[in-house]
Amino acid sequence: MNNPGQPPPASEPRVSVPLPHSRVILTYILLAVIVGIFVLQLILNETNYPRTEEITAWGALLYYRVVNDGEFYRLFTSMFLHANQVHLLFNALALFSFGRSVEMYFGTGRFGLIYLLGGLAGGVASFIFSRSNVVGASGAIFAIFGAEMIFLFQNRKLLGPRAFQELRSLAVLAVLNL
């Protein structure tokens with residue numbers, strides 16, 4: 001038995017707080033959706049990449065369509081569309097790489113909110129600052145980056161130096177993606 005105020009003997013195990021851990025489901029569903037939509041566009045359009053007309057028909061964000069025709073759904077649907085294979089590849093890799101850990105840490109429901117609200121915020125920002133056609137999951141991907149960075153920062157004492165290494169890596173990736 002220890003006396004109050006004295007540190008425990010070295011032989012007693014240290015107690016650590018476990019990190020949250022949730023099953024990864026939604027990340028894989030979102031990957032299947034964005035890849036599936038892209039493949040379906042290619043099959044239906046019989047081209048190597050979706051053309052502007054087809055992307056518009058599928059829900060790309062076009063400023064004039066939102067303003068003139070009230071097609072606000074485009075702020076949402078554009079996050080599931082991609083302009084070409086390279087664009088899809090980079091967003092899918094980022095979602096696969098970082099989405100799994102964020103979904104594990106935050107849980108499927110919160111991860112879904114992070115993705116959808118981040119994608120919607122990206123659509124709104126694109127609508128405000130751009131007049132060109134906009135597609136892609138970049139807003140959602142940046143929200144995932146941000147969520148993981150916040151998680152790592154808040155748990156830096158528990159994670160130790162690893163947290164700062166991962167924070168630096170995420171910051172570099174976020175800057176490169178910008």
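This is a predicted model: local features need pLDDT of at least 70, side-chain atom pairs count only at pLDDT 80 or more; totals for chains, interfaces and linings use all residues.
Visitor: How many helices and how many strands does the protein chain have?
Guide: From the N terminus on, the elements run α-α-α-α-α-α-α-α-α. The secondary structure therefore comes to zero strands and nine helices.

Visitor: What percentage of the residues in the protein chain is buried?
Guide: A residue counts as buried when its relative accessible area is under 20%. The protein chain has 178 residues, and the buried ones make up 37%.

Visitor: What share of the contacts in the protein chain with a separation of 6 or more comes from residues 24 or more positions apart?
Guide: Two residues are in contact if heavy atoms lie within 4.5 Å. Among contacts with a separation of 6 or more, those between residues 24 or more positions apart account for 68%.

Visitor: Which residues touch the most other members of the largest nonpolar core?
Guide: In soluble globular proteins, nonpolar side chains tend to be buried together. The largest nonpolar core here has 29 residues. At least two core residues come from each of α1 (26-45), α5 (85-106), α6, α7 (138-154) and α9 (161-177). The members that touch the most others are L30, I34, L95, F111, Y115 and I144.

Visitor: Which residues does I144 touch, not counting residues up to four places away in sequence?
Guide: I144 is one of the core residues that touch the most other members. With residues up to four places away in sequence left out, I144 touches L95, F98, G99, V102, F111, I114 and Y115.

Visitor: How many residues make up the second, separate core?
Guide: This core includes I55, L62, L81 and V135. The number of residues in this second core is five.

Visitor: Why does the pair of F111 and Y115 count as tilted?
Guide: A search of the whole structure finds nine aromatic pairs. The ring centres of F111 and Y115 are 6.5 Å apart, and their planes meet at 45 degrees. Planes under 30 degrees apart would be stacked and those over 60 edge-to-face.

Visitor: Which helix supplies the largest share of the nonpolar surface patch?
Guide: The patch covers about 750 Å² and is made by F76, L113, L116, L117, L120, V124, I128 and F129. F76 is found in helix α4 (residues 74-77), and its relative accessibility of 37% makes it partly exposed. Seven residues of the patch, the largest share, come from helix α6 (residues 108-129).

Visitor: What distance separates the C-alpha atoms of I150 and L167?
Guide: I150 lies in helix α7 and is partly exposed, at 48% relative accessibility. Along the chain, I150 and L167 are 17 residues apart. Their C-alpha atoms are separated by 9.0 Å.

Visitor: How far apart are the closest N and O atoms in the salt bridge of R162 with E166?
Guide: Side chains of opposite charge can pair when their charged atoms come close. R162 and E166 are four residues apart in helix α9, so they are separated by about one helical turn. R162 is partly exposed at 38% relative accessibility, and E166 is partly exposed at 25%. The closest N and O atoms of this salt bridge are 2.8 Å apart.

Terms used. Residues are numbered from 1 along each chain as its sequence is written. Side-chain values use heavy atoms; hydrogens and water are left out. Patches are made of residues with over 30% relative accessible area and no salt bridge: like charges are joined within 9 Å, nonpolar side chains (Val, Leu, Ile, Met, Phe, Trp, Tyr) within 5 Å. Accessible areas come from the Shrake-Rupley method with a 1.4 Å probe; for residues, only the protein chains shown count as cover. A salt bridge is a side-chain nitrogen of Lys or Arg within 4 Å of a carboxyl oxygen of Asp or Glu. Buried means under 20% relative accessible area, exposed over 50%, partly exposed in between (1.4 Å probe, protein chains only). A nonpolar core is a set of buried Ala, Val, Leu, Ile, Met, Phe, Trp, Tyr and Cys residues joined through side-chain atoms within 4.5 Å. Rings of Phe, Tyr and Trp (its six-membered ring) pair if their centres lie within 6.5 Å; planes under 30 degrees apart count as stacked, over 60 as edge-to-face and the rest as tilted.
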